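Student: I am new to this structure and would like to go through it step by step. Could we begin with the surface and then turn to the helices?

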Amino acid sequence: MNMLKFYNTLFRKKEDFEPIRRGKVNLFVCGPTVYDFSHLGHARTYIVYDMLVRYLKYQQYKVFYLQNITDIDDKIIQRAKEKKTTWKEIARKFEKEYLKDMKALNIKSVTKYARATSHIKEVQNQVRRLLKKGYAYEIRGGIYYNIKKFKDYGKLSGRTIEQAEDAVSRIDQAENKRNRGDFCLWKFGEPYWKSSLGNGRPGWHIEDTAITEKYFGPQYDIHGGARDLIFPHHEAEIAQMEALSDKRPMVEYWIHAGFLTVNGQKMSKSLGNFITLKDFLKKYKPEVLRFIVFSSHYRSPLDYSEAIAQEAKTNLQKLKELLKKLEELKKGPKENGKEIVKNFEKSFFKVLEDDFNTPQAKGLIFDFLAETNKRISENKLSPQEAEEIYNFFKKINKIFGFLDFKRIKEKEILPKEIKELGKLREKARNQENWQQADEIRRKIEKLGYKIEDSKEGPKIRTMPR
Ligand code: AMP
């Protein structure tokens with residue numbers, strides 16, 4: 001197990017990663033509010049944590065990846081009103097859609113999805129304890145958290161209480177609160193769960209600590225989510241849990257993902273600049289999106305455009321072509337391996353150890369690809385090396401999942417017309433009619449295929465679209 005470093009939002013610096021219990025990682029990521037289809041911004045965040053969890057597993061950690069599903073919330077209730085249906089109908093429908101999307105992206109790393117409404121007892125229990133400890137108070141609309149009672153309020157986001165007061169979320173706009181930044185823990189009114197607290201439902205922040213306390217206890221290793229959640233959401237989680245347990249820190253490593261943006265602006269429902277994952281997948285393979293996410297650093301903004309998707313597709317095609325060649329080459333007799341592949345593999349994993357630097361890892365892959373292609377064209381790549389490189393890609397694909405090995409193994413089925421043209425070109429070449437051979441090559445290329453002449457004869461492949 002090598003020492004990994006991650007940037008911790010709580011201390012605003014990179015730190016050595018040492019989980020609370022050796023070899024075991026408890027990780028929680030804020031899941032979706034299920035009232036609409038997921039867009040590419042959501043997908044980026046969930047791919048980032050999927051890759052991170054797979055990477056930790058590769059590093060031999062046992063990971064419990066917990067994610068909540070916010071299935072009761074003002075936005076869900078509002079959408080139900082608009083659609084003249086119930087909150088439950090909306091929540092269950094979009095939860096199903098969300099899970100379908102995750103499956104389509106090959107995200108299987110989540111150990112447990114926990115619905116807010118399956119943890120109402122735990123929520124009520126936390127609210128009761130906060131009231132008892134003097135951190136919460138009741139007013140007409142609900143039970144609220146008093147942020148002035150919690151000395152460390154603002155430590156994650158670096159905000160003062162005054163700055164926090166200016167950013168009060170919609171559901172927390174009760175007139176008679178003690179401080180403007182106080183947030184709702186238990187909201188009275190319809191729809192509600194019966195309770196001695198007063199019939200009501202959870203506020204936005206409390207479900208997460210109720211869920212994590214149940215599965216992890218008061219302290220755990222990693223909390224994730226995109227950076228918009230740092231304030232007020234994650235700040236509120238700290239205030240709730242640390243006040244309840246008197247144990248600090250609630251989370252050892254706060255790892256936040258950057259936004260997916262469009263022309264520099266966060267992709268979001270409210271700005272109307274979103275592309276749903278479903279629409280994206282009508283046009284591109286899920287591997288393309290995974291590759292786009294891999295190509296930028298998880299903490300940086302990722303500015304999405306059609307050009308980025310096309311570039312990812314072209315790059316993947318180059319990798320696929322290399323892998324197809326390696327498939328053939330590795331069939332030859334094996335000898336002792338050279339250090340080249342091993343050294344490359346070492347440097348690849350080294351850059352990941354430093355705050356999961358995937359763009360640098362990508363750079364190394366493409367330098368190595370160019371070098372390998374050159375050695376293949378010079379007949380300098382041994383079957384042993386071909387196999388080692390092929391296996392390297394298989395190994396990293398378990399973490400990143402941007403290659404579809406089934407397709408690499410598939411023999412390409414060429415249309416009859418292309419096969420015929422290939423034969424004609426061979427005939428012209430055998431007759432040393434180079435002009436005609438070139439004309440046919442251009443025709444084949446125009447139809448979207450390319451010819452590579454190799455030792456075993458010409459090979460025709462689809463050109464990257
Ligand atoms: P929500 O839509 O608020 O339920 O968000 C679910 C998750 O997706 C949260 O972790 C958000 O921070 C994240 N998210 C929403 N929009 C974006 C975006 N444009 N880029 C990256 N993550 C996002």
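Tutor: The accessible surface of the protein (Shrake-Rupley method, 1.4 Å probe) comes to about 22,400 Å², and carbon and sulfur atoms hold 49% of that area. This is a predicted model, in which local features need pLDDT of at least 70, side-chain atom pairs count only at pLDDT 80 or more, and totals for chains, interfaces and linings use all residues. Residues are numbered from 1 along each chain as its sequence is written, and side-chain values use heavy atoms, with hydrogens and water left out.

Student: What percentage of the residues in the protein is buried?

Tutor: A residue is buried when its relative accessible area is under 20%, with a 1.4 Å probe and protein chains only. Of the 465 residues in the protein, the buried share is 53%.

Student: How many residues of α1 are buried?

Tutor: Helix α1 is mostly covered, and of its 19 residues the buried ones number 16.

Student: At what angle do α2 and α3 pack?

Tutor: Axes are lines fitted to C-alpha atoms over the stretch in contact, and angles run from 0 to 180 degrees between N-to-C directions. The axes of α2 (residues 74-82) and α3 (residues 87-104) are 8 Å apart, and the helices pack at an angle of about 110°.

Terms used:
Helix = DSSP H or I, 4+ residues; strand = E, 2+ residues; numbered from the N terminus. Buried < 20%, exposed > 50% of the residue type's maximum accessible area, 1.4 Å probe, protein only.
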